[in-house]
Amino acid sequence: MSYRLNTTENYHAHELDTLGWEMTVCNALYPENSPCRSVLKNKASLGVNLYHFLEKYISFKNIRNYLEIGGGMGYLSLDFLKLNSNLRATLLDISPYLVGRQKRTLGKYDGRFEQADALKKDEDFFSRFNLVIMNENLGDLPALIPSDDNKTIPSQELIYYQNKAERLSRKYNLRFDAEEVINIGALSLLEKICRVGVRYIYLSEHSCEAVAPENLHELIYIASAGFPEKISLKGHDEYTIKFSHLQKMAQLLGYKVLRGTLADILPLEFNEKLISTLRMKAAATDEQEIIQQFVYDLYKYEYLFLKT
Ligand SMILES: C[S@@+](CC[C@H](N)C(=O)[O-])C[C@H]1O[C@@H](n2cnc3c(N)ncnc32)[C@H](O)[C@@H]1O
């Protein structure tokens, strides 16, 4: 099978100068008056809800240094540091623009910042942390895209990632179907972090395998192809993540895995107003449209919480 490589490195490192057009769940929930908060049981930001979710599994008093990769505007880490003054955050991001935003957001709180491609960091770097958070960034990492082009000479980078895919497939018994996009960047980065034995890992991203719970089929329809799907965004394409591959690899590397959709972390308050908004074929107001999209995202995003 021939592949080409999809990367967003150039875009993130050299072109990105706003996240405004890419409405992440974290950013959508950050403003206190966000309409998205109104449909949640706990009407708070993603950072606050995630911290309380993780608290059920992590003894935060034993954690001092944690790493957030691809922290965007820095809102999630700001919430963590506000909730726990014992924590020290390291934020690693490829985008100079976003590193600047993260510094401003964290202000006086205990943060260290590094502008670098997470894929280029060596294992020693990750071994310093006992918690690593990757929220909505794995889809940005390189993907191998099946291609009919047998004539173009493959770049060194493409050959490197193709070899890596073959190795991961053999080592972790991952089946990559012909015609299937391979989330090679996500797999490579997670393997590195797991191999050094980071105690806790949380990651979340658009999944290509998410399904809405059966009791909500009437209200929520989630389209999932089962293999990574292209999402075209300003200046770059990204791909949904095949969570079953990440899960299998982490389990074989000795991790216990908790897997679910973001709706576990951000449970909805199913009142009449929300139900009638979800029943509408076409939203009548901007707010209803925002809510419909937000609820869709809560079930389309999956998370893995990994624990050694
Ligand atoms: C879609 S944004 C998500 C931001 C934030 N986590 C949120 O949920 O709002 C993706 C983030 O990952 C960063 N990123 C993308 N590729 C990266 C890489 N190779 N290494 C480190 N950071 C990367 C981007 O600069 C950006 O901060």
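Two residues are in contact here if their C-beta atoms, placed from the backbone, lie within 7 Å. The model shown in these views is predicted.

**View 1. The buried residues of helix 5 and their packing partners.** Helix 5 spans residues 96-106, and its buried residues are Leu98, Gln102, Thr105 and Leu106. These residues lie on the same side of helix 5 because they cover an arc of only 85° around the axis. In an α-helix there are 3.6 residues a turn, so residues three or four places apart point the same way. The buried residues of helix 5 pack against helix 4 (75-83), strand 3 and strand 4 (111-115). Gly107 follows helix 5 and has a positive phi, near 45°.

**View 2. The shell around the ligand.** Of the 22 residues around the ligand, those that come nearest are Thr24, Gly70, Gly72, Ser95 and Asn137. Helix 2 (25-29) and strand 3 (88-93) are the elements that give two or more residues to this shell. By class, the shell has 8 nonpolar, 9 polar and 5 charged residues.

**View 3. Glu136, a residue with positive phi.** Glu136 is not a glycine, yet its phi is about 55°. The residue sits in the loop between strand 5 (131-135) and strand 6 (143-147). Glu136 counts as buried because it has 24 C-beta neighbours inside 10 Å, where 20 or more are required.

**View 4. Asn173, a residue other than glycine with positive phi.** The phi of Asn173 is near 55°. Asn173 is found in the loop that runs between helix 7 (156-172) and helix 8 (184-195). With 10 C-beta neighbours inside 10 Å, Asn173 counts as exposed, the limit being 12 or fewer.

Technical notes:
Residues numbered from 1 in each chain as written. Predicted model: local features only at pLDDT ≥ 70, side-chain atom pairs only at ≥ 80, totals over all residues. Helix = DSSP H or I, 4+ residues; strand = E, 2+ residues; numbered from the N terminus. Near = placed C-beta within 6 Å. Nonpolar A, V, L, I, M, F, W, Y, C, P; charged D, E, K, R; others polar. Arc of directions from axis to C-beta.
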